[in-house]
Amino acid sequence: MADAQQQLAHLRAEIDQTDHELLQLLLRRRQLAADVGVVKRAMGQPLYVPERERAMLEQRRRDAEALGLSPDLIEDVLRRVIRESYQQQQAADVHLQERVVTVVGGAGALGQLFVRQFRSAGATVRILDRDDWDRAPELVRDADLVLISVPIAQTEAVIKQLPELDAETILADVTSIKDKPLQAMLVKHPGPVVGLHPMFGPQQATLAKQLVVVTHGRESERYQWLLDSIVRWGAHIREVSAAEHDEAMGFVQVMRHLSTFVYGMHLAEEKADLQQLLDLSSPIYRLELMMVGRLFAQNAELYADIILSQPQNFAMMRRYINTFRRILDELEHADKAAFIAEFSALKDYFGDYSTNFLEESQRLLNAAGDAQQIR
């Protein structure tokens with residue numbers, strides 16, 4: 001027994017030493033990533049280059065397999081390391097030093113994020129917030145970009161309240177609905193206009209791999225530098241019409257947020273013991289419950305505005321409720337065959353997406369399991 005204890009102690013010491021060496025390698029990689037960021041900025045290259053990342057991960061998977069290591073393990077480790085690398089590379093990238101940007105609502109959470117981004121790029125940034133309207137003509141004068149970042153319910157009114165802008169000033173917004181704000185901007189300003197929807201929250205440490213939806217308005221050649229900067233910061237853009245955007249957001253935002261809200265309310269009304277649900281949950285349900293709970297840690301007014309801003313989606317939500325009732329009726333009548341038939345039809349509808357979603361969600365579940373603290 002004593003020999004076994006000594007052997008165990010020796011092996012643990014070897015593991016500790018290996019971990020120390022691994023930390024040194026990670027430190028070296030972080031330093032190299034920082035150097036890469038300097039070179040990228042000098043060359044004007046984007047922070048995130050998907051082709052490079054994809055090729056590197058594929059090669060590392062092959063290398064791992066040749067060594068007898070799990071390719072999935074190596075990919076998981078490297079993806080986490082790469083995410084840290086992007087944050088390391090998110091240093092000041094001075095390329096907009098000739099630009100003047102006015103952020104309307106720059107004191108808000110999302111507004112502050114863009115204030116930081118533009119300032120880190122060397123732009124002169126002005127903030128026009130709720131108490132600054134007496135200085136609005138001064139704050140927008142000679143601006144290359146006026147960016148509207150205010151609550152949804154106030155967006156159109158704020159656009160109308162703007163003073164006259166210079167002919168070459170870009171007028172843009174970052175509202176999560178696009179059709180009405182875009183139309184309001186086109187009426188207000190005869191110059192370049194573009195609608196943006198950042199598909200992320202203000203807590204993002206880096207824009208790497210984040211999505212920004214672009215709905216074109218007018219004179220796109222004049223705001224191309226803005227889109228180029230967004231890509232340079234690591235985000236990727238998806239161009240759609242304002243109508244297509246708002247239709248998709250009916251599912252991506254309105255339906256999801258309202259369903260989440262109702263599910264949370266149902267838990268509360270049923271007086272469900274949240275801790276017990278967590279203690280007895282599978283990884284997938286734990287993750288789902290976390291996604292429900294995180295809604296209620298955020299701004300209620302924001303979610304109310306998102307849902308109320310698109311009343312045309314209420315009819316779609318009622319169709320969803322009717323579908324729920326129909327399926328519930330089938331199950332209450334023990335119509336297992338009907339359920340299985342509809343399940344098969346839905347499997348055909350999702351097609352290859354089902355397999356892809358299964359693989360992606362499994363990575364999320366693995367990560368959630370790694371982070372779980374057993375009490």
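Me: Which element gives the largest share of the nonpolar patch?
Reply: Helix 14 does, with 3 residues; helices are DSSP runs (H or I, at least four residues) numbered from the N terminus. The model is predicted: local features need pLDDT of at least 70, side-chain atom pairs count only at pLDDT 80 or more, and totals for chains, interfaces and linings use all residues. Residues are numbered from 1 along each chain as its sequence is written, and side-chain values use heavy atoms, with hydrogens and water left out.

Me: What makes the nonpolar surface patch?
Reply: Leu 346, Tyr 349, Phe 350, Tyr 353 and Phe 357 make a patch of about 600 Å². Two or more residues each are given by helix 14 (336-350) and helix 15 (352-371). Patch residues have over 30% relative accessible area and no salt bridge, and nonpolar side chains (Val, Leu, Ile, Met, Phe, Trp, Tyr) are joined within 5 Å. A salt bridge would be a side-chain nitrogen of Lys or Arg within 4 Å of a carboxyl oxygen of Asp or Glu. Accessible areas come from the Shrake-Rupley method with a 1.4 Å probe.

Me: Why is Phe 350 called partly exposed?
Reply: Buried means under 20% relative accessible area, exposed over 50%, and partly exposed in between. Phe 350, which is placed in helix 14, has a value of 36% and is therefore partly exposed.

Me: How many aromatic pairs are there, and why is that of Phe 339 and Phe 343 called tilted?
Reply: The count comes to 5 aromatic pairs. Rings of Phe, Tyr and Trp (its six-membered ring) pair if their centres lie within 6.5 Å; planes under 30 degrees apart count as stacked, over 60 as edge-to-face and the rest as tilted. Phe 339 and Phe 343 lie 6.2 Å centre to centre with 45° between the planes, so the pair is tilted. The two residues are 4 apart in helix 14, about one helical turn. Phe 339 is partly exposed at 35%, whereas Phe 343 is exposed at 51%.

Me: What makes the pair of Tyr 349 and Phe 350 edge-to-face?
Reply: The angle between the planes is 85°, and the centres are 5.1 Å apart; the pair is therefore edge-to-face. Tyr 349 is exposed, with a relative accessible area of 65%.

Me: How do you know that Arg 99 lies over the face of Trp 225?
Reply: The rule requires NZ of Lys or CZ of Arg within 6 Å of the ring centre and within 35 degrees of the ring normal. Arg 99 is 4.3 Å from the ring centre of Trp 225 and counts as lying over its face.

Technical notes: Patches are made of residues with over 30% relative accessible area and no salt bridge: like charges are joined within 9 Å, nonpolar side chains (Val, Leu, Ile, Met, Phe, Trp, Tyr) within 5 Å. Buried means under 20% relative accessible area, exposed over 50%, partly exposed in between (1.4 Å probe, protein chains only).
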